[in-house]
Amino acid sequence: MSTAGHEAAANAPTAGEYIVHHLTHFNSTGHAQKNIVDFSVINLDTLFFSVLMGVIGLFVMWRVAKSVTSGVPGRMQAAVEIVLEMVNDQAKGIIHNAESRKFVAPLALTVFIWIFLMNSMDFLPLDVLPNLWQAITGDHHAYLRVVPTADLNGTLGMSMGVLFVCLYYNIKIKGFGGWMHELFTAPFGSHPLLYPINFLMQVIEFVAKTVSHGMRLFGNMYAGELVFMLIALMGAAWAGTATGAFLWAGHVIAGSIWAIFHILIVALQAFIFMMLTLVYIGQAHEAH
Amino acid sequence: MEHVLGFVALAAGLIIGLGAIGACIGIGLMGGKYIEASARQPELMNALQTKMFLLAGLIDAAFLIGVGIAMMFAFANPFKLV
């Protein structure tokens with residue numbers, strides 16, 4: 001879409017191509033993933049941007065922690081303290097075991113900061129990094145998707161991480177025998193006939209918690225990113241055919257409204273993912 | 001082939017529409033109850049607000065998972081016999 005005018009409109013990507021282009025990952029196979037589940041494909045862009053956001057988050061927190069003063073705190077330190085107190089209050093309210101809270105509260109803080117940073121990759125204009133990537137690789141059809149949480153692999157990976165921490169605490173708090181006992185007797189009582197049903201219910205519960213935990217973040221971010229793409233199409237249609245200024249104005253207005261609303265979604269989804277991490281780990285502490 | 005695409009488009013629309021009905025009614029009810037509660041007990045407004053946002057996120061979950069899937073149907077159509 002760099003040149004306006006009719007010849008550009010001829011070979012400019014159609015709306016569908018533009019969106020499908022922006023939905024394709026830069027992965028290890030070079031082309032879009034064919035079938036839904038394909039473990040041989042690794043989405044390198046999701047990997048890169050999630051690690052990059054993690055490093056940035058850790059660096060910022062480390063810098064603030066290094067220069068912490070008990071006197072008048074700077075703005076950065078005040079902000080980090082606010083987040084710390086919020087996470088600590090939530091952790092104290094949900095996880096009553098002080099000893100495991102030593103690990104779980106920092107985990108919740110990491111989850112909140114990391115997901116907030118990964119989600120906020122959505123605020124960059126849609127075509128900035130992909131065009132930069134195309135310039136770097138020189139391949140005009142280079143694919144890149146910058147929001148790691150708009151990739152199901154990213155979010156399900158994190159929710160499975162939370163599941164493993166839950167399983168660890170289940171075994172640590174209740175002991176392996178105690179947990180096995182609970183697995184087979186939990187919802188409906190300890191009559192031997194009910195063992196299979198109990199176990200089935202427990203498995204369903206764990207799977208449902210993990211899948212909904214990951215899919216919720218994915219659904220919100222994927223839909224949010226797609227709305228940005230649809231809004232970008234408005235601007236693209238104006239650039240391609242110069243049909244009227246209202247399309248350009250539409251792009252700017254709709255884009256800013258959605259971006260402002262998206263700030264709430266980004267923060268809220270990071271908060272919800274953190275709260276549910278705490279709640280699931282808290283459930284691992286209580287006996288049914 | 002056209003039947004598949006037509007039905008997928010219908011399915012995507014239905015997923016989003018029905019999900020939206022549920023989510024909006026749920027959040028509407030909860031918002032109303034929250035305002036009633038904060039009118040009756042203003043000192044609880046802050047604590048309830050955090051819980052309201054958390055519940056709003058949870059209510060939206062199924063809807064937005066549906067929107068995610070519907071959008072995936074619309075753009076990366078798995079039913080295309082390609």
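View 1. At 38% relative accessibility, A:Lys172 is classed as partly exposed (buried being under 20% relative accessible area, exposed over 50% and partly exposed in between, with a 1.4 Å probe and protein chains only). Its side chain meets that of A:Glu99 in a salt bridge at 2.9 Å, N to O (a side-chain nitrogen of Lys or Arg within 4 Å of a carboxyl oxygen of Asp or Glu). The pair joins distant parts of the chain, 73 residues apart, with A:Glu99 in helix α5 (residues 98–119) and A:Lys172 in helix α7 (residues 152–185) of chain A (helices being DSSP runs of H or I, at least four residues, numbered from the N terminus). This is a predicted model, in which local features need pLDDT of at least 70 and side-chain atom pairs count only at pLDDT 80 or more, while totals for chains, interfaces and linings use all residues. Residues are numbered from 1 along each chain as its sequence is written, chains are lettered from A and ligands numbered from 1 in the order in which they are written, and side-chain values use heavy atoms, with hydrogens and water left out.

**View 2. The salt bridge of A:Lys174 and A:Glu182.** The two side chains meet at 2.9 Å, N to O; A:Lys174 is buried at 17% relative accessibility, and A:Glu182 is likewise buried, at 9%.

View 3. A:Lys209 and A:Glu205 have their closest N and O atoms 3.9 Å apart, and both lie in helix α8 (residues 195–241), four residues apart, about one turn of the helix. A:Lys209 is buried at 14% relative accessible area, whereas A:Glu205 is partly exposed at 28%.

Note on methods:
Helix = DSSP H or I, 4+ residues; strand = E, 2+ residues; numbered from the N terminus.
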